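This briefing is meant to be read with the structure open beside it. It begins with a single residue and its surroundings, and then moves to other parts of the chain.

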Amino acid sequence: VGNPELQRRRRLMWLMDQYLKNDVLSIQKSIVDHVEYTIARSRFKFDDFEAYKATANSVRDRLIESWNDNQQFHRDMDSKRVYYLSMEFLMGRSLLNSIFNLGIKEQYAQALSELGYNLEVVVEQERDAALGNGGLGRLAACFLDSLATMNYSAWGYGIRYQYGLFRQTLQDGFQHEQPDYWLNVGNPWEIERVHVTYPISFYGKVEEKWVEGTKTFTWTPDEMVEAVAYDNPIPGYNTGNTINLRLWAAKPSGEFDLQSFNTGDYVNAILSKQRAETISNVLYPDDRTYQGKELRLKQQYFFVSASLQDIMRRFKDHHSTFDNFADKVAVQLNDTHPTIGVPELMRLLVDVEGLQWAKAWDITTKVFSITIHSVVAETLEKWSVELLQTLLPRHLQIIFKINAMFLEEVKNKIGNDYDHLARLSIIEEGEKKSVKMGSLALVASHTVNGVSKLHSELLKERVFKDFYDIFPHKFQNKTNGVTQRRWLAFCNPGLRDMLTKWLGTEAWITNLDLLTGLRQYASDPILQKEWNLVRRHNKARLATYIEAISGVKVSIDAMFDVQVKRIHQYKRQLLNVLSIIHRADCIKNMSPAEKTKVVPRVCIIGGKAAPGYEIAKKIIKLVTTVGEKINNDKDIGNLLKVVFVPDYNVSLAELIIPASDLSQHISTAGNEASGTSNMKFTMNGCLLLATLSGSNIEIQKEIGDENIFVFGAKPEEVDRLRAERRQFQPPQEFHRIIGMIRNGKFGDTEYFQELCQTVDGGNDFYLLGNDFSSYLEAQAAVDEAYVDRERWTRMSIMSTAGSGNFSIDRTTCEYAENIWGIKPCQPTS
Ligand code: NBY
């Protein structure tokens with residue numbers, strides 16, 4: 001009571017509470033204030049975009065308030081925090097997410113409406129923050145929402161790319177890439193912290209000196225840039241816990257000015273400094289391959305070094321030694337991309353803070369854990385020793401030392417089996433020596449996890465078998481999840497309200513297991529009727545969009561059959577197209593009587609191809625060409641339409657997923673680490689056509705065999721089928737369809753040859769020929785189920801009802817308990 005500091009704080013809290021009220025009038029005032037003072041427009045005349053900016057700024061004020069309170073709370077508590085390091089955060093739009101999570105959506109809608117604006121229209125003005133490629137980046141974004149909602153102390157760290165993932169346009173059916181100038185219109189969600197900066201060094205040389213009996217290392221770099229912090233507040237749902245996503249931008253450093261500006265070439269000296277900024281310029285658009293590009297390694301080191309310096313600075317505010325660093329800090333590596341953080345933390349602890357190697361190593365190995373998202377070892381990053389030697393000479397030394405000590409240790413376990421040791425070694429010998437980042441991360445991490453049950457088994461049996469043999473205790477599974485806030489509650493408001501009504505509670509928004517309560521009503525005609533009404537409404541919205549972008553009119557009575565994801569051979573969009581051609585061909589050969597029995601379908605395909613991935617680009621062109629042909633075929637009419645939706649991104653997913661009847665997740669068995677859109681579709685009552693890959697298997701288990709269409713080879717058969725593929729004879733239809741493409745039925749004869757070759761007997765690595773028959777059978781089963789409306793609706797309801805396990809809140813809690821060692825904690829207001 002008598003504590004003056006406490007009194008001062010209380011007063012400040014109270015004062016702030018006076019400022020930001022959430023009644024409609026206060027919100028209107030704050031929007032109009034921002035129109036006038038932030039946007040500098042007349043309050044009598046501002047367009048939808050300006051309305052968006054002003055609205056966003058007023059929401060931002062509210063976020064900052066809870067962000068500040070929350071940071072203060074955790075500072076006081078000195079709670080253990082997890083830092084999620086990721087090269088990618090695929091956030092999408094923030095406005096609706098923020099006002100929904102803050103619980104002020106209704107007030108904002110009314111406030112805007114009274115001012116003459118429509119919230120739905122205003123929301124559409126926002127550009128997606130597309131700082132990621134696909135699943136890995138979106139998972140990071142879902143984690144942030146969940147960590148905030150579940151009241152954990154957590155920060156995300158990443159890069160503030162000037163250019164996010166390219167925008168995809170179609171020109172004559174071919175993919176074209178356009179730069180994503182997302183920051184050009186300003187970004188109201190970020191707070192620039194001009195004073196939170198760290199120096200980041202590159203190149204140069206390392207000198208060794210003996211100081212008082214110990215060897216010390218001094219790295220004299222040749223290049224230095226500054227990392228500047230941009231904070232993005234991430235509000236939890238229905239809680240004051242607003243966490244932080246801190247993204248780093250590169251700025252020229254002032255450190256070297258004396259030397260570089262004494263050259264007589266002032267202008268060139270400036271230009272060369274400017275080049276520093278390119279580090280954070282652009283997101284690499286490849287989502288499966290590493291390319292060994294110097295700039296990418298620079299990006300990795302840049303953001304990881306800034307983040308670790310920042311984490312250590314924050315820790316030192318409270319602690320005078322590093323003894324309990326690992327009790328306060330957990331660092332999660334999102335795939336191998338931030339692995340350079342391992343030698344960087346060692347460098348900071350040993351060279352900068354002066355700790356003994358053994359002590360530093362003990363700390364390092366207690367801090368890091370890593371999630372792997374790939375299925376085969378070949379896609380894990382490797383950096384050439386040569387490049388590391390040039391760019392980060394001190395880190396290379398540290399990596400060598402880590403490796404030497406590690407190999408020494410395992411020799412005690414496995415003896416001098418040199419082949420075995422070579423496989424375990426972090427350094428790959430050979431013509432071009434390289435550092436295996438996966439191995440480095442595994443040696444340093446206390447835990448490594450896969451992203452679905454099957455994938456985690458594959459990591460143990462294949463990808464990291466040698467490591468599993470010596471470190472079995474490090475391996476865990478953490479099946480992915482998605483946030484039901486974005487992916488159900490606010491992308492599907494009709495379904496949200498219905499769920500709340502039938503379950504009699506909104507609690508499912510933070511406890512998704514409650515959806516099982518729906519099972520008892522799955523056959524209830526009233527629920528079924530309402531269910532289909534909502535679904536038709538969502539389909540109508542999508543149909544309007546499709547017509548607007550493509551001119552193709554689609555009927556909402558048709559089944560919406562959707563495959564949206566990055567274009568990859570292993571995801572087998574080609575298999576989908578082949579069956580579409582087959583379907584079209586069947587329809588054309590039918591009598592009018594037979595045609596009346598066909599289930600009309602709208603096949604929707606969307607996704608980006610990596611700019612250098614030629615085969616993937618050919619798949620896109622094939623989809624658009626086949627679509628053109630089928631959509632204009634009078635014999636087919638409305639029985640089949642094919643639409644390629646360009647520029648698939650988070651916002652489009654929010655429109656497409658609630659409107660899908662069937663969605664396809666048809667990678668070769670075992671080839672998808674997990675998949676997360678399958679979870680979103682299931683939650684929204686869409687049925688899956690799926691192979692035994694990743695989390696499909698777990699979805700099948702949760703919703704029941706009778707509510708999903710599964711086909712194709714089993715994961716354990718894939719190796720054998722691949723080995724025997726030269727001898728395999730695919731069914732006649734398969735040959736015929738490929739023949740049609742080859743012979744120019746869809747034009748561009750030359751262009752499609754290479755694509756056709758990929759499924760020639762000996763080449764068919766992804767087993768399209770093997771799975772074709774069973775795929776067609778599954779497709780027939782889909783048609784059969786669809787005409788039985790009662791049955792289909794029941795399956796749809798059972799899908800939603802069984803999706804509780806795929807809430808990322810479940811995933812987050814598992815990480816928190818079994819990996820990070822953190823507990824929820826929240827201010828009691
Ligand atoms: O991560 C995806 C997996 O394919 C998917 O099955 C899983 O559900 C998801 C979340 O765990 N992986 C993925 O999206 N990978 C990338 O986006 C990616 C991006 C960049 C690079 C490698 C992979 N890279 O080396 O630059």
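In this predicted model, T668 has a relative accessibility of 1%, and because buried means under 20%, it counts as buried. T668 is placed in the loop that runs between β22 and α27.

- Which residues does T668 touch, once its neighbours within four places in sequence are left aside? The contacts of T668 are with Y570, R572, S693, V718, R722, Y766 and L767.
- I666 is also found in the loop between β22, which covers 662–665, and α27, which covers 677–683, and I666 is buried with a relative accessible area of 1%.
- Not counting residues up to four places away in sequence, I666 touches Q563, K571, R572, L575, N576, L689, T691, F711 and Y775.
- From C-alpha to C-alpha, I666 and E784 lie 20 Å apart in space, while in sequence they are 118 residues apart.
- Q664 belongs to strand β22 itself, and with a relative accessible area of 1% Q664 is buried.
- When neighbours within four places in sequence are left aside, Q664 is in contact with D561, V562, Q563, K565, N576, L689, Y775 and Q779.
- The side chain of Q664 is joined to the side chain of N576 by a polar contact of 3.4 Å.
- Q664 and L688 are 24 residues apart in sequence, and their C-alpha atoms are 6.0 Å apart in space.

**R314 in helix α10**

- R314 sits in helix α10, which is made up of residues 294–316.
- Is R314 buried or exposed? Its relative accessible area is 14%, and since the cut-off for buried is under 20%, R314 counts as buried.
- Apart from its neighbours within four places in sequence, R314 is in contact with R81, Y83, W155, Y157 and R246.
- With Y157, R314 makes a polar contact from side chain to side chain, at 3.4 Å.

**Helix α12 and the residue just after it**

- Why can helix α12 (residues 341–352) be called largely enclosed by the rest of the structure? The reason is that 10 of its 12 residues are buried.
- The buried residues of α12 are G341, V342, P343, E344, L345, M346, R347, L348, L349 and V350.
- Just after α12 comes G354, whose phi is positive, at about 75°.

- Most residues other than glycine have a negative phi, which is the background for the next two cases.
- D335 is a residue other than glycine, and its phi is positive, near 70°.
- D335 lies in the loop between β12, residues 329–334, and α12, and at 6% relative accessibility D335 counts as buried.
- N238 is likewise a residue other than glycine with a positive phi, in this case near 60°.
- N238 is found in the loop between β10 (223–235) and β11 (242–252), and N238 counts as exposed because its relative accessibility is 64%, where exposed means over 50%.

**The chain as a whole**

- How many helices and strands does the chain have? The chain has 34 helices and 24 strands.
- A compact globule of 829 residues would have a radius of gyration near 28 Å, and the chain, at 28 Å, agrees with that value.
- The C-alpha trace of the chain spans about 95 × 75 × 60 Å along its principal axes.
- Of the 829 residues in the chain, 59% count as buried.

Notes: Residues are numbered from 1 along each chain as its sequence is written. This is a predicted model: local features need pLDDT of at least 70, side-chain atom pairs count only at pLDDT 80 or more; totals for chains, interfaces and linings use all residues. Side-chain values use heavy atoms; hydrogens and water are left out. Helices (H or I, at least four residues) and strands (E, at least two) are DSSP runs, numbered from the N terminus. The radius of gyration is taken over C-alpha atoms; the globule rule is 2.2 Å times the number of residues to the power 0.38. Buried means under 20% relative accessible area, exposed over 50%, partly exposed in between (1.4 Å probe, protein chains only). A polar contact is a pair of N or O atoms within 3.5 Å; within protein, one must be able to donate a hydrogen and the other to accept it, and residues adjacent in sequence count only if both atoms are side-chain atoms. Contact means heavy atoms within 4.5 Å.
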